[in-house]
Amino acid sequence: EKLIAEEKARRERARVTLKGFTRFDLCKDGARLLVTLSGQLYVLSRADLKVTALPGKDWIGPRFSPDGTAVAAVLAGELHVIELATLASHALTTGATATLSHATAEFVAQEEMNRQEGYWWSPDSQSLVYQETDESAVEVRHIADPLHLETAPIDIYYPRAGSSNATVRLGIIARDGGATRWINWAAAKFP
């Protein structure tokens with residue numbers, strides 16, 4: 001199994017050391033199963049055992065919509081929706097950089113709050129709430145692989161005690177895309 005750095009980090013924070021199918025999502029009616037293997041998404045129909053590969057690769061955090069007609073997942077720091085009827089994928093967010101990402105939980109949420117999700121479907125499957133994470137003020141740590149010294153160290157944005165955390169905000173976006181409506185809260189009081 002070949003994993004991208006983001007998926008390796010997510011598994012490490014979730015304490016997942018297994019390989020292969022490490023998680024699955026079952027649609028609400030139980031008819032279909034969503035699994036990931038090496039970043040490729042597959043939908044398995046339980047009635048006839050038909051397997052459908054979804055478009056794209058290196059997806060993170062895939063989940064069915066509550067109505068079971070779509071899958072949302074993150075690719076390269078952007079939130080996408082894959083419509084299951086057409087297998088069409090479209091990005092809902094744009095603008096991800098090395099320090100700005102959409103729809104994934106940042107280090108503090110994953111490690112300290114045990115929250116792995118960075119987006120949530122609305123109950124009617126017509127919109128999603130997602131987290132935007134800005135890590136530009138977070139210190140960078142360089143982690144080398146002692147078993148592969150020929151490989152360049154990877155950069156990890158790690159908020160050590162007393163240093164800056166990532167800045168996060170939540171937005172609501174329609175399933176079809178469009179403008180994000182940002183949710184306001186007292187971020188200074190409740191960071």
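Predicted model: local features only at pLDDT ≥ 70, side-chain atom pairs only at ≥ 80, totals over all residues.
A charge sits over a ring if NZ of Lys or CZ of Arg is within 6 Å of the ring centre and within 35 degrees of the ring normal.

**View 1. The charged end of R63 over the ring of Y119.** The separation from the ring centre is 4.0 Å.

**View 2. F107 and Y158, an edge-to-face aromatic pair.** This is one of the 2 aromatic pairs that the structure holds. The ring centres of F107 and Y158 are 5.0 Å apart, and their planes make an angle of 65°. F107 belongs to helix α2 (residues 107-111), while Y158 sits in the loop between β13 (154-157) and β14 (167-174), so the contact ties together parts 51 residues apart in sequence. F107 is buried, at 14% relative accessible area, whereas Y158 is partly exposed, at 34%.

**View 3. Y130 and W182, an edge-to-face aromatic pair.** Here the centre-to-centre distance is 5.7 Å, with 65° between the planes. Y130 comes from strand β11 (residues 127-134) and W182 from strand β15 (residues 181-182), so this pair ties together parts that are 52 residues apart in sequence. Y130 is buried, with a relative accessible area of 2%; W182 is partly exposed, with 29%.

**View 4. The charged end of R169 over the ring of W182.** Stay with W182 for one more look. The charged end of R169 lies 3.5 Å from the centre of the W182 ring, and W182 also forms the edge-to-face pair with Y130.

Conventions. Residues numbered from 1 in each chain as written. Heavy atoms only, no water. Phe/Tyr/Trp six-rings, centres within 6.5 Å; stacked < 30°, edge-to-face > 60°. Helix = DSSP H or I, 4+ residues; strand = E, 2+ residues; numbered from the N terminus. Buried < 20%, exposed > 50% of the residue type's maximum accessible area, 1.4 Å probe, protein only.
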